Amino acid sequence: KPKICVVVSEFNKEVTAEIQNRTVHELNDKGIKGEEYLKVIYVKGAFEIPYAISKLIDKYDGFIAVGCIIKGKTPNFDFISQAITNGIMDISISNKKPVGNAIITCLNKKQAIDRTHKGKEAANTVLDILSTLDQKYQK
């Protein structure tokens with residue numbers, strides 16, 4: 001069984017808590033449970049997620065990034081969203097470990113609530129890629 005770490009932003013907590021719940025529930029349904037195989041850690045905001053993953057990269061087989069960025073009246077939304085996406089992709093590629101992206105970017109809170117299923121999708125994506133790589137390349 002793979003070891004998975006879910007890194008959750010506490011900003012927009014009412015949304016990220018639901019994404020986290022769906023993520024963990026899906027992982028549990030797939031047999032990833034217990035402290036040995038599943039760890040959830042919290043960071044202040046989504047911007048801190050790539051750093052947290054980079055610090056834990058050697059301890060887990062895959063990661064799921066959970067966050068919610070809602071567009072405000074400044075261009076900060078675009079800069080933060082792009083920086084986080086680039087950071088997660090760079091970590092994934094340079095360390096050859098899957099990072100499921102369940103950081104949702106929305107224009108308003110209603111859109112965010114409607115997209116909390118992204119945690120389940122990210123969990124399945126990470127498990128699928130780990131399974132595929134194990135079957136193809138680890139024989």
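Predicted model: local features only at pLDDT ≥ 70, side-chain atom pairs only at ≥ 80, totals over all residues.

Reader: Fine. In what order do the strands of the sheet come?

Author: The order is β2-β1-β3-β4, four strands in an open sheet with parallel pairing. β2 and β4 (99–106) are the edge strands, each pairing on one side only. On average, neighbouring strands are turned by 15 degrees against each other, ignoring direction.

Reader: How many bridges join β1 to β2?

Author: Six, between β1 (residues 4–9) and β2 (residues 38–43). V6 has V40 as its bridge partner in β2, and V8 has Y42.

Reader: What holds paired strands together in general?

Author: Strands of a sheet pair through backbone hydrogen bonds.

Reader: Which helix goes with β1 and β2, and what's the hand of that unit?

Author: Helix α1 (residues 13–29) does; with β1 and β2 it makes a right-handed β-α-β unit.

Reader: And where does α3 lie?

Author: Across β3 and β4, running at about 175 degrees to β4.

Reader: Changing topic: what volume does the largest pocket have?

Author: About 240 Å³. Its lining has 16 residues, and F11, C68, I69, N76 and I80 lie nearest the centre.

Reader: What classes of residue make up that lining?

Author: Eight are nonpolar, six polar and two charged.

Reader: Which elements supply at least two residues each?

Author: β3 (62–70) and α3 (76–95) do. That is the α3 that lies across β3 and β4.

Key. Residues numbered from 1 in each chain as written. Heavy atoms only, no water. Pairing = 2+ DSSP bridges. Right-handed = clockwise from strand over helix to strand, strands pointing away. 1 Å grid on protein atoms, 1.4 Å probe; cavity = no way out; pocket = protein on both sides within 12 Å on 5 of 7 lines; lining within 4 Å. Points joined across faces, edges and corners; volume = space filled by probe spheres on them. Nonpolar A, V, L, I, M, F, W, Y, C, P; charged D, E, K, R; others polar. Axes fitted to C-alpha atoms, helices over the stretch in contact; angles between N-to-C directions. Contact = heavy atoms within 4.5 Å.
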